[in-house]
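Thanks, everyone, for making the time.

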Amino acid sequence: MNAVEELRNTLHPKLQAVLEKRGFDDFSEIQLRAIPELIKGGNAILIAPTGSGKTESALLPVFHNMLSKAHPKGFTALYITPLRSLNRDMMNRLEWWGKELGIKISVRHGDTTQNDRRKQATNPPDLLITTPESIQAMFMGKVLRKHLAGVRYVIVDEIHELAASKRGCQLSVALERIVELAGDFQRIGISATVGNPELVGKFLCGKRPCQVVAVPVAKTLDLSVRFAGEGFGEQVKLIEKCIDSHTSSLVFTNTRSVAEAIGNALVSREDIDVHHGSLSREVRVDAEDRFRNGQTRGMICTSSMELGIDIGQIDHVVQFNSPREVARLMQRTGRAGHRIGAASKGMILATGFDDILESMVVVRLATENRPENVRPHINPADVIANQISALAVERGEISIENIEKIFERCYCFENAGELIRDVIAQMEKHYLIRTEDGMVITKARARKYLSLNLSMIADEKKCVIFDVISRKPVGTLDESFVISWISSGAVFVARGQVWRVLELEENKVMVEPAKNAKGELPSWEGEQIPVPFTVAMEVGALRRTQDFASYRSDERSVTFAQKTLDEMKKNRSITATDKLIVLEDADEGVVVNLCAGHKVNEAIGRVLSILISARYGSAVGIETNAYRFYLRLPKHLAAPDVEEVFHTLEPEHVEGILQLALKKTSLYKWRLVQAAKKFGAIDADADYEKISMNRLLELFDGTIVEREAFRELFFSNMDVEGAKEIVRRLKNHEMETRTSRLSVIGAQGLFSERDMVTPPGEDQAIIESVKHRIAEQDVVLACMHCRKWKSRTKTGRVAEQPVCPVCGARLIAVLKPYEEPMFLALKKKTLTTEEKEAEKRMMKNANMVLSSGMDAVIALSGRGVGPDSAARILATFAKGDNFYREILKAERRFVQTHQYWG
Amino acid sequence: MEPEFYPTGPAVAIERREKVLAIADPHFGVEADLHRKGLHFESRSALRLERLMEIIEESDPDYLVVLGDLKHMIPYVTRQEKAEMPQILKTIRRETEFRLAPGNHDTGLEHYLMQDELLPASGAVIDGTGYFHGHMIPDESLFGHLIVCGHHHPVVNLYDDVGCALRGTPGYLLAEVDTKAWTEVQTESPTRVLLVPAFYELAGGMDVRLIPGSKVSPIAKAIRPETGEVFLKDGTYVAPFTELRPDPLEAK
């Protein structure tokens, strides 16, 4: 009897029968190893490639035990996933099993109808598929709390995602709150490959024993790097070739905009779909179905496809541009080739010097099975506040001692110590709870607070991007993105296009399409995946050793990389490496080449910029990417000045300087408001009118709320420890600095097109939209000779040389509709000064139409274009598209100098 | 007469024969209203009072005149105000004579005040200077004097080449007012107002550039901008009103 049969025979007979009916005649490695362990009831983290039957390896033993033992009424098992879409997918997969086994299964999350919720309350399912936030809500209901008391098994899917977020910290407390109701239960986590699975185990179970059952993804990975060519056209052709040479392929991109751009280029092909988070649910589900049924053979997607939504067989995974993180590459390529024993084939298409080297490094680390570690939040004070008020509402009152015990059992809070009492004291100040004799007691507003704060996902407003050229909304941006990146004049990518911000209004960002963009551009909706310190450092090492032979890549990639390095040599430039920082003088400032990844470079860049601006009393602009940052400086400052400031830095000063630097930024203020909301100080719908927000926020100086805002900022946006490490290495000469002129590698950061794809003919598209808009513009033709005739029409319908039908004169002014009343006023005998001015303007207008005909009519139809700016446009003698470009320029001047829209 | 500025207030002292310390709009009890608006903070009355008492000690005035809006909630007195107001007044009376030029928020406060303490709502002249909240037309007796006013919560924004250097810092506006709309009486010297910034530290404030000509009060409407001068809370002279640098992001 082989292992498979042996395992099958240990299962509950009902389960055996169902397996047979399903044609389930083989177990995968993870199933063989996990099922016997889990039947025994122990806690475990399961790690295996996506689609290798991980879900079944967790569920079969749970089903077995559910069938074999009697359980109290209520939810016997919870299956928790981070996404509603995963819940739905899971429900579809499990419906059949439930029916066959006689186990009642149901979903509960934000989209669940009132009717279904009621049914779940009166008649609880045995297995409930849900999200962390829905669990929070369930604690608020008396009946549902009773059902939670029946929980014997909890499965947390995609736990590596949750373990790295505040949502996960909140969930870990929720699990302990279930223990309070139900006693201990079996915990099973399903995770992607991570560098520290033991820690994920601790995250799930706290101090309880937990074993890791891992089937390494790495040994089944077959990865390579290919140079994708320099032009977008060439790159798309290569993607097409990859898709054509396999039955089914996933093409991952790092941003939605690139996915869109590639999708656009391949739009004529019926067998390729695009899939990303900004598409509607219907579109996505449709794309998934078509792929599963084999109607499409290629899907262009973003991280939306990383999580385990079942889309059937995948032969090949293509990653366009470096995936930046090792774990991400393993997760993405792990989706291919799930037949037992088959290798997962994946290929990175790299597009430039940084991209090629980074891809080589990421591939090597992946094949060596060295993914990044999961980094959980430790002691997030806002989660503590949130869960204390949840406990207070759930029980009415609870002793502080008991609260401490509950938190102590969670890995994220096991050393919270005094912090918990500090948080309670702060919450009391905001009247969310009160304390008496060592008890925390709920207050009237706590329940309302809780129902508005079930989720630890920051409640972000969406800002509309409004294109002033086409006068249409282009899309939306996250509030945090707007706050941290967007200011007047800033350039960013959205919808595969580059935009320049003209103006910011509440919930509205006014933009125009930009052409010449410098630097690596921040792009839409927090899609920036930071390059980790370890990866960037190894790229630095590879630049130094140039030992390309030890890395897997095609010849063209190596040739391209070598060519860049040869050019550096020829120009006598110095290449920055893991041991060398090169500061280069550029046109408007200094490029600091430092191979330390986004978050470290962001931290060091900010520290240097505040020190320089304090020392020289001038503003310093900063742009960051993984391998360099650019400081925009006044003319008299050069690389040696920056170098000197860099060397004066002490590692222990970094954090203090950063706090000082960040305190005034809107990013910090945003984080502070988010934390204050969780402490109950500020309601989600608070009315800030007549209040100085800045002074209100000063009330948090020195409080735990402020500390939490900084903790979060340093956790998510910049890496202080890494920055200290760099300064330390500089101090003890493990790293050196050199200064030089701007090199080709240094300039790459400034002028490269990484992660930025401009669809061809963008300029043409703008001109077309302007032409169309102007042709549709309402205008009033008015005779300035007899002043008796006027007629409303559209610019597109105006004759080449308009004539007054009343007096036959050709002195016709082209007016905007809002000027019509003024024209009528001119019939009076005596005119006011204002009216005289208007008369003069209209005469000039009419004379221009008389002398320049249609060109004048069109120019005068531009938004905010009066006779003076129209005269300037006509004076350029521009023809065709260039003529419209001049109109655009005039409109832009108008838009930037006038605030007239509501 | 030269005013003395106390930036920690902000407060201003005016001395001729007697020394009068003036503060505007302390809004004691505002936290109850903030609470209703979704901002939940402890009462800061004690801290606010402490700040005031330090200035009183430093300046040693004959009178403290509060230029209105001593309390916050309209049209009634909240529990917080009922609990705190007697103590606040008692503390002040221990150190100095107290006068209130009542503002639009001071409804229901009469019961807490002694007979002499409450000035007329249309203002009063003390030692040659008018003291007045600023929400209505001042009494004729104030014309021709310097009138010290609250109500407007003036703040100053300063801009440099890059953008904004200082936003929303409390400041004073000194300007002549045109009394023609209110009276036919001609005075010897022009009537001037000094708009005092709010003592209430969380006040949002109104940009001084927007006050003259605005409809917030008859005073604001009557201000002659060409005579205006702007000071910071420590008395630093910023500029004549007409030469304040405009917001570079706004229209030219």
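Predicted model: local features only at pLDDT ≥ 70, side-chain atom pairs only at ≥ 80, totals over all residues.

I will go through aromatic pairs, a charged surface patch, and some details of the backbone.

I begin with the aromatic residues, where the structure holds 10 aromatic pairs over all chains. In one of them, A:Phe227 and A:Phe560 are stacked, with 4.6 Å from centre to centre and 25 degrees between the planes. This pair links distant parts of the chain, because A:Phe227 belongs to strand β8 (residues 221-227) of chain A while A:Phe560 belongs to helix α23 (residues 555-570) of chain A, which puts them 333 residues apart. Both A:Phe227 and A:Phe560 are buried.

In chain B, the ring centres of B:Phe5 and B:Tyr172 are 4.9 Å apart and their planes stand at 70 degrees, so this pair is edge-to-face, given that the class requires an angle over 60 degrees. Here too distant parts of the chain are linked, with B:Phe5 in strand β1 (residues 4-6) and B:Tyr172 in strand β10 (residues 164-176), 167 residues apart. B:Tyr172 has a relative accessible area of 0% and is therefore buried. Back in chain A, one aromatic cluster is made up of A:Tyr668, A:Phe710 and A:Phe714.

Now to the backbone, where most residues other than glycine have a negative phi, and most peptide bonds are trans. A cis peptide bond joins B:Gly9 and B:Pro10, with omega about -5 degrees, and B:Pro10 sits in the loop between β1 and β2 (11-15) of chain B. Another cis peptide bond joins B:Ile74 and B:Pro75, with omega about 0 degrees, and B:Pro75 is in the loop between β4 (63-66) and α3 (79-95) of chain B.

As for phi, A:His733 has a positive value of about 65 degrees although it is not a glycine, and this residue lies in the loop between α30 (720-731) and β26 (736-741) of chain A. B:His151 likewise has a positive phi, of about 75 degrees, in the loop between β8 (146-149) and β9 (154-159) of chain B. Are these two histidines buried or exposed? A:His733 counts as exposed at 57% relative accessibility, whereas B:His151, at 18%, is buried.

Note on methods: Residues numbered from 1 in each chain as written. Chains lettered and ligands numbered in written order. Heavy atoms only, no water. Phe/Tyr/Trp six-rings, centres within 6.5 Å; stacked < 30°, edge-to-face > 60°. Helix = DSSP H or I, 4+ residues; strand = E, 2+ residues; numbered from the N terminus. Buried < 20%, exposed > 50% of the residue type's maximum accessible area, 1.4 Å probe, protein only.
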